[in-house]
Structures are given as C-alpha cells and as structure tokens.
Amino acid sequence: GMLYAAVAMPPMIGGKVASYDDARAKAMPGVKAVVQFSRGVAVVADSYWQAKKAKDLLLIQWDGGPNADNDMVKIWAGLNNASQQPGAVFREHGSVDTGMGQAAKTIEATYQLPFQSHSPMEPMNTTADVRADKAIIITPTQFQQLIPHVVAGATGLKPEQVEVVTTFLGGGFGRRVEVDYAIDAAEISKAVGAPVKMVWSREDDMTHDSYRPAGLYKFTAGLDSSGKPVAMRFHSTSPSISSRLFPSIVKDGIDPFAVEGIDNYPYDTPNLKFTYQMHDAGVTPGYWRAVSHNLNAVALECFIDELAQAAGKDPIQYRLDMLDMGSTKHQWSGLSAGVPVGARMKRALEEVRAKSGWGKKLGAGKGMGVAVMEGYNTVIAMVAEVSVSADFDVSLDKVTAVVDAGTLIHPDQALAQMQSTIIFGQGAGMMSEITVKNGGVEQNNFDTYRVVRINEAPKVMDIHFIKSDSVPGGLGEPGTAVIVPAIGNAVFAACGKRCRVIPLTPENIKAS
C-alpha cells in the first residue's frame, strides 16, 4: 500500500508557501492526494513519476521570507564588513604586535572560498509509515539517534514509538547528518494516512541543501631576515554551522568546527594570534566533508607557499624547516598516541618529496605544488602536478600522496577513501561553486554545479601509506582539504598566478 511523494519547496532560502492551486495536479492519473507540509507542498501518487509530473502542475505563490533579495554581492559585502570585527581568539601565544614590529618583511593575503553543495549521487529521500501508535522511518542517515526525537515532534508520537531503519547512504558527506528530509516524509505520511516514499529530485536536493559555508580567511605574517615567520595573525569570517545545529557546543564566540584545520597550526612561530568571526550570510550552513579543514587548511597551506616564495625557499624545505617538532597540538589530541604531529608531518613531507620526484624539470605551463595537513588523527602530504593552458584551463595530471593514518584496518578501503577524497576535493577546488540570486540558489543540476568527470580525474594517483601500529586515523575526509592547496600552489608554479579566490576556474585565475 505504499505511495510515492514528490515535493515542491520554496525557491528562496527561508521562504514558505503563501497559497497554492492544486486543481490541475489532482486531476492527473494516479494522484491520491496533495498536502501541505511544513516547508512546501507534496503530491502523493501511485508512482514517483506520476507524483513528479503532477507536482510540476502546481500553481504556488511563495512568500520569499527575510532573505528574498539576497545575492552574492550582498553576501560578500556582509562577510567583508563582518571581517572588520575583532572576532574571538581561539589560539594565541607571544605578542603578535611585538613580533610584527620586529619583522624584516610583512606579507598579507586574504583567501575567499565559496558555498558548496554536498550533491550526493542519491538525492535526499525517506520512506515513512506514520500510524496512530507507531512510525517506521526507512532512510539513509548519518544521525540515527536524532530521528526518533524530531519525528516524534512532527507527529505527536513519543520517541520510543519511532523505529528507524537505516539504508545505505548513497553518499553522505555530512548532508545526512541533517534530518530535515525525514521530518518532511513523516509529515506527509501522517497527512495522507499511508506509508509514503518521498524522493527529492536532483533540483530539490541541490537547491535545498545545507551548504559548506563561504568565508574570508585573512593572514598577516611577519618574516625575519631569513624568511622565517616571527609573527602570524589569522582572522576568519564565515557562517557558523554549529550555531544552527548544535548551539550548546559554541563557547565564547568560538564554533569548534569553524576553527579546525588551523587550531592545530603546526609551524614554529613565536608570536601568533588566531581569531574567528561568525556571520549569518542568509544561506543555510551545513557540515561538509572535512568541514572547516576545507576552509582553514586550504587557505593556510596556500599562504605558507606564499611565505616560501617571499623567503626565496623551496616550498617543501621551507615547511620542514618551520615545523614545530616538539608540538603535540592535535585536533584529537587523545588519539595521538604520544607521537608529535610535527614528527609525523616531517616524515610525510620527506617521503612525498622523494616519491613525487619533487624538483624535476617540467615543460612550459606545468607545475608542482605541495600541501600538508593533520586532521582526524591522520597526516597527509600531497604533491599535485598540473598543466595550465594559455587560457588558464587547469588539468590535474598527477597526485602523489603520503598518508600516515596509523593502523590500516582495511587497506583496500583506505586506498579507496584516498582516491575518493582526492577527486571530491579536486572538484571543490577547481570547479564547484554555489551562488545565490533573488534569495535562492542558482545552480540546480550538474550542468551548472560542476563535479569531476572521468576524463578530468588525475591520470595518476600515486598513494603511499606509512606503516604504523598507532591508533587508526580517519580517511574519509582529510584528503578533500589537502588536495586543494596542492593544486593552487601547483597552478602558481605553472603560470605564476597566485589565485586567492576558490574555485580555481580560468576566470578566477586570470583575474588574480
């Protein structure tokens, strides 16, 4: 007796239904009901295709809500204005002002990173069977324990009356930490009094995502006469995901998920001050694969390359010379098993230098770039080789990665995760961007929100795992962050353009 639901949701972020005319939809074959739920209108039919075709005939008037006129000009202006605020300090030692005063040279850079969609291959969906005394929720989810509570709130049942059956995810990437789509399905099932399989279209999914935050990441470094940083100031400005989803973990203006990837800054710098300024940009922020490593670590590793250039040093040797070898500062310090992060990074950098053939002569328009990061108790060093055309089209030719992830439980899965994160991160760094116009997301499918295609994937991915008997690290996320600055630094090596606006599209590179 299961029915199928297709949904119409407001095109504006934060919008709602003002009124609707469902006469044409109800007249379509197979349609059983048209119901309004919390954030839209659903057509319920004998098949998904019948529901989808009928949904397209709904005449809906939308209330655009508070962000109906939002666009990227306003968003970037708002972020820029917010970035002038002092922010909250999340890491500090020494005196930055004193260090800057003693510096022989000062380098400044601001990196701009965009909103991005999760866009898993399987769009959001849930099968819900809400009855008078029980609800069965069959859904791909990363957060099973939350669903009984939110479905209970939406249906009037008790949490213990809600049974959750987890399917394969079809791609999670943090999107399925959210449970909004399960609430939708439960509301629709209750309204029609039958089990309902709700399926979002690709367009539904891409325009009603919770997006990786856009942000501005500003660095100022004071270098001594040898090019080593004696002072470092970092200030990031972006929406806070946790303030929306889990506000209790935000303390004194610091969202711990907004500062990861740089709170464990690994370089020996006697004076530093790192601050964070949260800002609501009117776009729903969400946890995205590797969360803020993709923001902070990307900007940091590009900026470290800028410092190496200013110092006239080789980028890998510069990092090796700067590493704080005694530091145990670690994102998840309880898992570090006593091995200093600096020592792990040193080994990874030395090995990636050897295995990539770093320093070899390349042809015109070709370059190599490096990046290193610790996250999820895993250290990854990557070298990217790229070709850049006269029109600034970039192709990723080869990636060499050295990975210290502790003990590998399933080596084949470890390899698959690294390959996956490299390609996922490649798309984020080179082509994927969500933009807003008239209060809504402009991109609604893969023709406008580009992801990496088979012919664009690296021709070679040379991945090496360091043998270790320490505790296992995470591998599903950190590689997405490391590959982006490696590509950006390789683009600079290839064409001399330091692109601080991500993604690394021809337009952004040319304008840099």
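## A glutamine in a loop

Glutamine 443 lies in the loop between β19 (440-441) and β20 (460-465); strands here are DSSP runs (E, at least two residues), helices are DSSP runs too (H or I, at least four), and both are numbered from the N terminus. The model is a predicted one, in which local features need pLDDT of at least 70, side-chain atom pairs count only at pLDDT 80 or more, and totals for chains, interfaces and linings use all residues. Residues are numbered from 1 along each chain as its sequence is written, and side-chain values use heavy atoms, with hydrogens and water left out.

Is glutamine 443 buried or exposed? With a relative accessible area of 9%, glutamine 443 is buried; buried means under 20%, exposed means over 50%, and partly exposed is in between (1.4 Å probe, protein chains only). The side chain of glutamine 443 makes a polar contact with the side chain of threonine 435, at 2.8 Å. A polar contact is a pair of N or O atoms within 3.5 Å; within protein, one must be able to donate a hydrogen and the other to accept it, and residues adjacent in sequence count only if both atoms are side-chain atoms. Setting aside residues up to four places away in sequence, glutamine 443 touches Met206, Thr207, Glu433, Ile434, Thr435, Thr448 and Tyr449, where contact means heavy atoms within 4.5 Å.

## Salt bridges

How many salt bridges does the structure hold? There are 27 of them, each defined as a side-chain nitrogen of Lys or Arg within 4 Å of a carboxyl oxygen of Asp or Glu. One joins aspartate 56 and lysine 52, with 2.8 Å from N to O. Aspartate 56 is partly exposed at 40% relative accessible area, and lysine 52 is partly exposed as well, at 23%.

Arginine 319 and glutamate 301 form another salt bridge, and their closest N and O atoms are 2.8 Å apart. This pair links distant parts of the chain: arginine 319 sits in helix α11 (residues 315-322) and glutamate 301 in helix α10 (residues 293-311), 18 residues apart. Both arginine 319 and glutamate 301 are buried. There is also a network of salt bridges, which links Arg39, Arg175, Asp180, Asp184 and Asp209.

## Aspartate 397 and its partners

Lysine 366 and aspartate 397 meet through their side chains in a salt bridge of 3.8 Å, N to O. Lysine 366 is in strand β15 (residues 366-375) and aspartate 397 is in strand β17 (residues 394-404), so the pair ties together parts that are 31 residues apart in sequence. Lysine 366 counts as partly exposed at 37% relative accessibility, whereas aspartate 397 is buried at 15%.

The side chain of aspartate 397 has a polar contact too, with the side chain of serine 387 at 2.5 Å. Which residues does aspartate 397 contact, leaving aside neighbours within four places in sequence? They are Lys366, Glu385, Val386, Ser387, Pro458, Lys459 and Val460.

## Valine 196 in strand β11

Valine 196 belongs to strand β11 (residues 196-199) and counts as buried, at 0% relative accessibility. Valine 196 and threonine 126 are 70 residues apart in sequence, and their C-alpha atoms are 8.2 Å apart in space. Not counting residues up to four places away in sequence, valine 196 touches Met2, Leu3, Tyr4, Ala5, Val44, Thr126, Thr127, Ala128, Ile188 and Ser189.

## The buried side of helix α2

Helix α2 (residues 48-55) has Ala51, Ala54 and Lys55 as its buried residues. These cover an arc of only 100° around the axis, which puts them on the same side of α2; the arc is that of the directions from the helix axis to the C-beta atoms. The elements that cover the buried residues of α2 include β1 (3-8), α1 (23-26), β3 (31-37), β4 (40-45) and α7 (202-207).

## Cysteines

The structure holds 0 disulfides, a disulfide being a pair of cysteine sulfur atoms within 2.5 Å. Cysteine 495 is in no disulfide, and the nearest cysteine sulfur, that of cysteine 499, is 8.9 Å away. Cysteine 499 is likewise in no disulfide, with the sulfur of cysteine 495 as its nearest cysteine sulfur.
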